[in-house]
Amino acid sequence: MRPVLAVLLGGASLLLMAQGRSSVDRTWTADFVINSGELVTTGRNPWFILEPGYVLTLEDRDTRLVITVLDETVRVDNVETRVVEEPETAKGELVEISRNFFAISTRTNAVFYFGEDVDMYKGGKVVSHEGAWRSGGNGARFGLAMPGIPLLSAKYYQEIARGVAMDRGEIVGFGETVKTPAGEFRNVLKVLETTPLEPGVREFKYYANGVGLIQDGDVRLIKYGP
């Protein structure tokens, strides 16, 4: 049985339901109740800006990541989503382009993640689509990209595609100060990301209020804005 967004008539809500929950660690939030019609393609979460034309550019010595909110939407799992494109280069060579699908709640300001299309490159040619998934396909379910109100120690699935993409986020700090080429940011939100697909791997992402992602691993923000 494929995942469905089932209408609960009594509460006029949408509840994500799926088979195969045994693959999900229930200590992490994996089910999200959403009122009918509350998801839209454009909005601004303090830590995640979903407005067409907004761009974040992050770099380290070898890697460059450009995150662009496109003026383009795609319908995924019966929800209209905003496309956010992320080309990544290493030592000047294109290694990946992902097209990510997000929607934001007008009620809670939470940003939900509905999947991604992925092109992996080698020598200028597409060699695979590793990591691609879409909510509603092959048992996959959407996850939470950024809570409307992040709470310390909150733990949630960002994506739920068994065997493909199972990233999880945990809010581990609010008071960080992070220096980047784009400036120094205070009271930064710190998120620990893990996945059961790679036990033991831990990555940290840092978000600045009113800006969004400012550091992902070793890559740091060099410029941002529309």
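Visitor: Which ring lies under the charged end of Arg 168, and how should I read such an arrangement?

Guide: A charge is said to sit over a ring if NZ of Lys or CZ of Arg is within 6 Å of the ring centre and within 35 degrees of the ring normal. In this predicted model, where local features need pLDDT of at least 70, side-chain atom pairs count only at pLDDT 80 or more, and totals for chains, interfaces and linings use all residues, the charged end of Arg 168 sits over the ring of Trp 28, at 4.5 Å from its centre. Residues are numbered from 1 along each chain as its sequence is written, and side-chain values use heavy atoms, with hydrogens and water left out. Lys 190 likewise lies over the face of Phe 204, 4.5 Å from the ring centre.

Visitor: What does Thr 194 touch, and is Thr 194 buried or exposed?

Guide: Contact means heavy atoms within 4.5 Å, and buried means under 20% relative accessible area, exposed over 50%, partly exposed in between (1.4 Å probe, protein chains only). Thr 194 belongs to strand β18 (residues 183-194), and because its relative accessible area is 12%, Thr 194 counts as buried. Setting aside residues up to four places away in sequence, Thr 194 touches Trp 28, Met 166, Asp 167, Arg 168, Val 201 and Arg 202, and among these are Trp 28 and Arg 168, the two partners in the charge-over-ring arrangement.

Visitor: How many aromatic pairs are there, and how are Phe 114 and Phe 142 arranged?

Guide: Rings of Phe, Tyr and Trp (its six-membered ring) pair if their centres lie within 6.5 Å; planes under 30 degrees apart count as stacked, over 60 as edge-to-face and the rest as tilted. A search of the whole structure gives eight aromatic pairs. One of them joins Phe 114 to Phe 142 and is stacked, with 4.6 Å centre to centre and 25° between the planes. This pair links distant parts of the chain, since Phe 114 is in strand β11 (residues 111-122) and Phe 142 in strand β14 (residues 141-146), 28 residues apart. Both Phe 114 and Phe 142 are buried, and together with Phe 32 and Phe 112 they form one aromatic cluster.

Visitor: Which residues touch the most other members of the largest nonpolar core?

Guide: In soluble globular proteins, nonpolar side chains tend to be buried together. A nonpolar core is a set of buried Ala, Val, Leu, Ile, Met, Phe, Trp, Tyr and Cys residues joined through side-chain atoms within 4.5 Å. Here the largest core has 51 residues, of which Leu 56, Phe 102, Phe 112, Phe 114, Val 211 and Ile 214 touch the most other members. Strand β8 (residues 63-76) gives the most to this core, with six residues. A second, separate core of six residues includes Val 24, Ala 30, Ile 160 and Met 166.

Visitor: How many helices and strands does the chain have, and how much of the chain is buried?

Guide: Helices (H or I, at least four residues) and strands (E, at least two) are DSSP runs, numbered from the N terminus. The protein chain has zero helices and 21 strands. Of its 226 residues, 46% count as buried, and among contacts between residues at least 6 apart in sequence, 46% join residues at least 24 apart.
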